[in-house]
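Here are my notes on the model, as numbered points. Please read them with the structure open.

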Amino acid sequence: MKKGLLDILKGKFLVSGDAPKNWLFLLFASFLAALMISSSHNADKKVHEIAQLNEEVRALRSEFVETRRNLQQLKLESSLKMTIADKGLKPSENPPQKIIVKSEE
């Protein structure tokens, strides 16, 4: 057991008679390790991108809510009265009357 461990530590398995088989296995294991590392980096990159997009969605949703609230305030009759009062207009004292046109058929 001790001799086998020393042979592995010295690297004798890389120069012995069946060394090409061992080298091919090491190349294959290195390729798989590089592939796994690359895949992990791609996954991390996508996680960061998703987090950034979620934050952007939250910001846009907040902006939408604020804009909708401002629009509703601008559409209020009291806001319109103040806006047109600055321009010298005032609401009519007489309410409008509905005109009904009867068509002859």
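1. Pro20 is exposed, because its relative accessible area of 55% is above the cut-off of 50% for that class. This residue sits in helix H2. The model is a predicted one, and the values here are computed from it.

2. On overall dimensions, the radius of gyration of the chain is 39 Å, whereas a compact globule of 105 residues would come out near 13 Å. The C-alpha trace spans about 110 × 45 × 25 Å along its principal axes.

3. The secondary structure consists of three helices and zero strands, which gives the pattern α-α-α along the sequence. Helix H2 covers residues 19–75 and includes Phe31.

4. Burial is worth a separate remark: 3% of the 105 residues count as buried. The chain exposes about 10600 Å², and 63% of that area comes from carbon and sulfur atoms.

5. Phe31 belongs to a nonpolar patch on the surface, together with Trp23, Phe25, Leu26, Phe28, Leu32 and Leu35. The accessible area of these residues together is about 730 Å².

6. As for charge, the chain carries 17 positive and 13 negative side chains. The centres of the two sets are 11 Å apart.

Conventions
Residues are numbered from 1 along each chain as its sequence is written. This is a predicted model: local features need pLDDT of at least 70, side-chain atom pairs count only at pLDDT 80 or more; totals for chains, interfaces and linings use all residues. Side-chain values use heavy atoms; hydrogens and water are left out. Patches are made of residues with over 30% relative accessible area and no salt bridge: like charges are joined within 9 Å, nonpolar side chains (Val, Leu, Ile, Met, Phe, Trp, Tyr) within 5 Å. Accessible areas come from the Shrake-Rupley method with a 1.4 Å probe; for residues, only the protein chains shown count as cover. A salt bridge is a side-chain nitrogen of Lys or Arg within 4 Å of a carboxyl oxygen of Asp or Glu. Helices (H or I, at least four residues) and strands (E, at least two) are DSSP runs, numbered from the N terminus. The radius of gyration is taken over C-alpha atoms; the globule rule is 2.2 Å times the number of residues to the power 0.38. Buried means under 20% relative accessible area, exposed over 50%, partly exposed in between (1.4 Å probe, protein chains only). Lys and Arg count as positive and Asp and Glu as negative; His and the chain ends are not counted. The place of a charge is taken as NZ of Lys, CZ of Arg, CG of Asp or CD of Glu.
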